[in-house]
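I am opening my notebook on a structure that is new to me, and I want to record what I looked up in the order I looked it up.

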Amino acid sequence: MRLQSLVINGFKSFPKKTTLTFESPVVCVVGPNGSGKSNVVEAIRFVLGEQSMKSMRGKAGSDLIFKGSKSLPAGSRASVSIYLDNKDKVFKLTGDEGENIDLGFDTVSISREVYSDGVNRYSLNDSDVRLKDINNLLSSVNIGSSGHHIISQGEADRILNANSRERKEMVEDALGLKIYQYKIKEAERKLDRAGSNMQEVSMLRRENAPHLKFLEKQVEKIEKAKELAGELLSLYKEYLKKQSVYLETERANLSKEKSKVSAEILMLEKQISEAEEDGAPEEKNMAELSVLEKRVMDIRRLRGELERKIGRVEGMMDAEKERARRLAEKKVVAPEEAQFAFEKVETLVAEALSKESLVDIRPILERIKAVLEDLHRQPGAETNMASQIEALEKSRQEIFGEIEKIAQEEKSISEKTEILRAENREMMEAMRQKEKEKFGLKVRQQELHSALGMILVKEEGLKHQQDDFNEEIREGEPLVGTEIRSYKEFQFEGAIDHALQEETRKKIERIKIKLEDAGLSGGADIMTEYKDATERDVFLSRELEDLEKSMETLRSLIADLKEKIDVEFKEGVKKINNEFQKLFALMFGGGTAILKIIMEGKGRSREEEREEEDFEEEIVFEQGIEISVSLPQKKVKELHALSGGERSLTSIALLFAMSAVNPPPFLVLDETDAALDEANSRKYGDMLQILSKHSQLVVITHNRETMSRAGILYGVTIGSDGASKLLSVKFDEAVAIAK
Ligand code: ATP
């Protein structure tokens with residue numbers, strides 16, 4: 001890496017574009033007081049990102065812009081560009097995420113502009129960049145922000161004036177350890193970021209946790225419910241299948257029974273109506289009977305009349321006979337006559353005895369009386385009387401004949417009636433029998449009707465059971481799903497135990513209640529929500545792990561870097577001491593000079609200890625650097641006791657020692673040689689030549705000896721227009737201009 005050129009435009013006393021090229025290892029800038037030489041140094045500070053206005057002798061950004069003069073107008077912006085050779089590609093730019101950004105340019109150009117309102121603009125090879133990027137880029141080539149490589153006027157002994165900690169920083173910077181510091185800061189920033197990310201993530205996780213827990217419980221319930229639903233389903237399958245088989249069988253049985261009973265009822269109805277159709281014949285007999293009975297009555301009346309007639313006839317005959325008896329009182333009855341009468345009476349008595357009814361006996365008695373009267377008849381009047389009696393007898397016989405006739409008829413009627421009555425009895429018996437049968441049929445019909453009624457009741461019951469069955473499926477489906485309908489495939493053996501069925505139904509009921517109580521509507525939503533929440537939690541915990549890991553990596557990176565800084569710092573200080581001692585001895589012709597690393601105590605109150613009871617100040621030890629010198633033949637050791645020249649020489653020796661150990665790409669020295677006498681100026685010049693082998697030198701000087709070591713000499717003059725002018729000059733001209 002090499003400084004190529006510097007272009008100043010509108011900066012401080014340079015209103016016009018002014019270019020300095022650095023084609024020699026040592027470039028000297030000379031000129032009278034106030035001509036603008038230091039402005040060149042500040043232009044370099046400015047373009048490299050200097051933020052301290054004080055170190056550029058200004059108060060505000062506008063102080064850096066050409067303020068104008070009587071003859072020239074003020075500028076509105078100041079711009080400085082620096083061109084650096086990058087053929088060896090040493091410049092490195094690190095991105096925000098720590099990645100390397102490839103810089104392919106052979107020449108790196110850095111520009112900075114400031115406007116009157118104080119706004120700054122930085123660019124890298126004409127692209128706008130941030131100050132941070134400039135710092136980042138420069139630290140990669142050992143151009144640190146502490147500015148150890150730019151020594152302003154009167155600042156040569158700055159390192160002597162600084163406190164041990166500042167000194168340490170300068171040494172670190174000179175040793176090129178700033179890049180590590182920068183990396184540590186980056187890592188710490190990242191660590192901070194990761195820490196707050198971690199807090200955020202853990203907060204999210206904590207916030208998530210109750211919901212997740214809630215969901216977990218819900219899911220647990222759902223799982224349990226699923227188990228229950230599974231149990232329910234298998235119970236349902238068995239129960240429903242058995243129930244359906246039962247209902248089917250029951251229905252079939254009932255319908256069979258019903259058709260059987262109905263058929264029987266129909267048959268009975270027919271039988272009953274048939275039975276009711278008979279019963280007419282009884283009336284026909286009854287009519288005939290009544291006619292016959294009437295006739296019997298008539299006959300009896302007629303017989304009565306006839307018998308009374310006989311009585312009268314027999315009376316008349318008796319009277320005749322009495323008269324005849326009285327006539328024949330003296331008459332003896334001849335034996336033959338008596339025999340005849342006796343035999344006749346005997347016959348009649350026998351006849352009478354054969355009769356049952358008095359009515360039948362009476363006429364016989366009348367005849368017996370007539371026979372007996374005959375025995376007493378007088379033979380005298382016999383002829384008359386006999387004819388009278390004979391006539392009466394004749395009519396009596398006729399009446400008897402009539403009676404005989406109607407008795408005959410009565411007998412036949414009575415016989416006929418008897419037959420009819422018997423017939424009637426038989427008929428009645430038959431009818432009773434039929435009635436009995438009909439009654440039996442009706443009883444049976446009644447029985448069948450109530451059986452049918454029972455069947456209907458049973459059917460109704462079955463219908464209800466079927467409704468319950470359907471309702472059960474309807475209720476169960478939302479709980480166990482459509483699979484409930486696969487109960488048909490359930491297989492079982494043996495008979496259906498109703499008590500067992502009832503027990504199963506109760507079990508089903510209990511599970512249903514449990515499931516309904518669990519209230520798991522939207523279970524699927526909860527499952528997906530749980531899944532999402534779990535995934536989120538897992539994601540967050542992984543995030544935490546990743547953060548933890550990256551924090552660990554960062555911590556160890558920081559530790560490594562600190563270790564590296566520590567090691568390199570110690571080694572660097574050792575090397576610097578080596579050079580310092582040599583240069584010091586060279587400058588002073590002997591003596592010793594050494595940098596010492598010290599631990600410096602520094603009081604500081606720790607915020608976190610405020611919470612503790614025994615809060616007290618804690619001493620923090622920090623590393624610092626002390627300079628210890630011993631001049632030859634002098635006992636003075638304290639720095640502040642050195643003369644101005646001695647201080648200057650010591651500073652230069654240290655500065656050069658640092659630059660020798662880790663040569664910066666360039667060194668800008670603004671009148672660092674001001675306090676040197678001739679002899680020391682020569683030694684200074686010698687050292688410049690040694691340093692220039694590794695670092696480019698831009699030297700502002702009034703010293704001839706220094707000028708004589710330069711390859712390029714620039715003269716700066718300022719005219720009445722207040723504008724600095726730059727011109728390349730020869731040594732003699734330079735000597736002249738410098739005065
Ligand atoms: P010395 O040899 O005395 O140190 P020098 O050559 O280093 O002098 P500088 O200090 O660089 O001179 O220049 C100072 C000059 O620059 C002063 O004349 C000052 O007026 C001028 N100057 C400083 N700032 C501005 C500005 N913003 N606009 C115009 N001129 C300015």
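This is a predicted model: local features need pLDDT of at least 70, side-chain atom pairs count only at pLDDT 80 or more; totals for chains, interfaces and linings use all residues.

**Entry 1**

At Gly36 I found a backbone N or O atom 3.0 Å from an oxygen atom of the ligand, while at Lys12 a backbone N or O atom lies 3.4 Å from a nitrogen atom of the ligand. I then looked up the cover, and noted that the ligand taken alone exposes 650 Å², of which the protein buries 75%.

Which residues come nearest to the ligand? Of the 18 residues around the ligand, these are Asn33, Gly34, Lys37, Arg57 and Lys67. Sorting the shell by class, I wrote down three nonpolar, nine polar and six charged residues.

**Entry 2: helices α12 and α13**

Next I turned to helix α12, residues 644-661, and helix α13, residues 678-691, whose axes come within 11 Å and cross at roughly 10°. Angles under 35 degrees count as roughly parallel, so I recorded α12 as roughly parallel to α13. From α12, Leu649, Ile652, Phe656, Ser659 and Ala660 meet Asn680, Tyr684, Met687, Leu688 and Leu691 of α13.

**Entry 3: helices α4 and α11**

Last I looked up helix α4, residues 164-174, against helix α11, residues 523-588, and found their axes 10 Å apart at an angle of about 90°. That angle makes α4 roughly perpendicular to α11. Here Lys168, Val171 and Glu172 of α4 meet Ile565, Phe569, Val573 and Ile576 of α11, and the residues of the contact divide into five nonpolar, no polar and two charged.

How values were computed:
Residues are numbered from 1 along each chain as its sequence is written. Side-chain values use heavy atoms; hydrogens and water are left out. Axes are lines fitted to C-alpha atoms, for helices over the stretch in contact, and angles run from 0 to 180 degrees between N-to-C directions. Helices (H or I, at least four residues) and strands (E, at least two) are DSSP runs, numbered from the N terminus. Angles under 35 degrees count as roughly parallel, over 145 as roughly antiparallel, 65 to 115 as roughly perpendicular and the rest as oblique. Contact means heavy atoms within 4.5 Å. A residue is near a molecule or strand if one of its heavy atoms lies within 4 Å of it. A polar contact is a pair of N or O atoms within 3.5 Å; within protein, one must be able to donate a hydrogen and the other to accept it, and residues adjacent in sequence count only if both atoms are side-chain atoms. Accessible areas come from the Shrake-Rupley method with a 1.4 Å probe; for residues, only the protein chains shown count as cover. Ala, Val, Leu, Ile, Met, Phe, Trp, Tyr, Cys and Pro count as nonpolar, Asp, Glu, Lys and Arg as charged, and the others, Gly among them, as polar.
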